[in-house]
Amino acid sequence: MAKCDICGKGAHFGNSVSHSHRRSNRIWNSNVQRVKCKVNGGNRRMHVCTACLRSGRVERA
């Protein structure tokens with residue numbers, strides 16, 4: 001899974017716990033999109049999480 005190039009947010013790992021309390025591994029993936037951004041006067045494709053997109057940390061091209 002991709003990591004956010006802005007804040008570094010990536011996948012989180014933990015346990016899925018059933019009703020009988022048996023545990024198995026699971027993963028929570030972050031909502032990371034591949035978008036065109038303006039960087040140093042040019043356009044570049046970056047992996048950016050939706051929290052960074054909403055907050056305006058990235059200017060889209």
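Reader: Let's start with the cysteines: how many disulfides does a search of the whole structure find?
Author: This is a predicted model, where local features need pLDDT of at least 70 and side-chain atom pairs count only at pLDDT 80 or more, while totals for chains, interfaces and linings use all residues. Residues are numbered from 1 along each chain as its sequence is written, and side-chain values use heavy atoms, leaving out hydrogens and water. A disulfide here is a pair of cysteine sulfur atoms within 2.5 Å. With that cut-off, the number of disulfides found in the whole structure is 0.

Reader: How far is the sulfur of C49 from the closest cysteine sulfur?
Author: The closest cysteine sulfur to that of C49 belongs to C52, and the pair is too far apart for a bond. The gap between the two sulfurs is 3.5 Å.

Reader: Is C52 buried or exposed?
Author: Buried means under 20% relative accessible area, exposed over 50%, and partly exposed in between (1.4 Å probe, protein chains only). C49 has 2% relative accessibility and therefore counts as buried. C52 has a value of 1%, so C52 counts as buried.

Reader: Over how many bridges do β3 and β4 pair?
Author: Strands are said to pair if DSSP finds at least two bridges between them. V35 stands opposite M46 in β4, and both of these residues belong to the largest nonpolar core. β3 and β4 pair in the antiparallel sense, and the bridge count is 8.

Reader: Which residue in the turn between β3 and β4 has a positive phi?
Author: The two strands form a hairpin with 2 residues between them. For background, most residues other than glycine have a negative phi. A positive phi of about 50° belongs to N40.

Reader: What is the phi of H21 in the other hairpin?
Author: Strand β1 (residues 12-17) is joined to β2 by 6 bridges, and the two run antiparallel. V17 stands opposite R23 in β2. The hairpin of β1 and β2 has 5 residues between the strands, and H21 in the turn has a positive phi of about 70°.

Reader: Which residue has a backbone oxygen close to the side chain of S30, and at what distance?
Author: S30 lies in the loop between β2 (23-28) and β3 (32-39). S30 is buried, because its relative accessible area is 11%. A polar contact is a pair of N or O atoms within 3.5 Å; within protein, one must be able to donate a hydrogen and the other to accept it, and residues adjacent in sequence count only if both atoms are side-chain atoms. The backbone oxygen is that of G10, and its distance from a polar atom of the S30 side chain is 2.5 Å.

Reader: Which residue forms a salt bridge with K38?
Author: A salt bridge is a side-chain nitrogen of Lys or Arg within 4 Å of a carboxyl oxygen of Asp or Glu, and the structure holds 1. K38 is partly exposed, at 46% relative accessibility. With closest N and O atoms 3.9 Å apart, the partner of K38 is E59. K38 lies in strand β3 and its partner in the segment after α1 (50-55), so parts that are 21 residues apart in sequence are tied together by K38 and E59.

Reader: And which residues does A2 touch, not counting those up to four places away in sequence?
Author: A2 lies in the segment before β1 and counts as partly exposed, at 22% relative accessibility. Contact means heavy atoms within 4.5 Å. Leaving out residues up to four places away in sequence, A2 touches K9, G10, V32 and H47.

Notes:
Helices (H or I, at least four residues) and strands (E, at least two) are DSSP runs, numbered from the N terminus. A nonpolar core is a set of buried Ala, Val, Leu, Ile, Met, Phe, Trp, Tyr and Cys residues joined through side-chain atoms within 4.5 Å.
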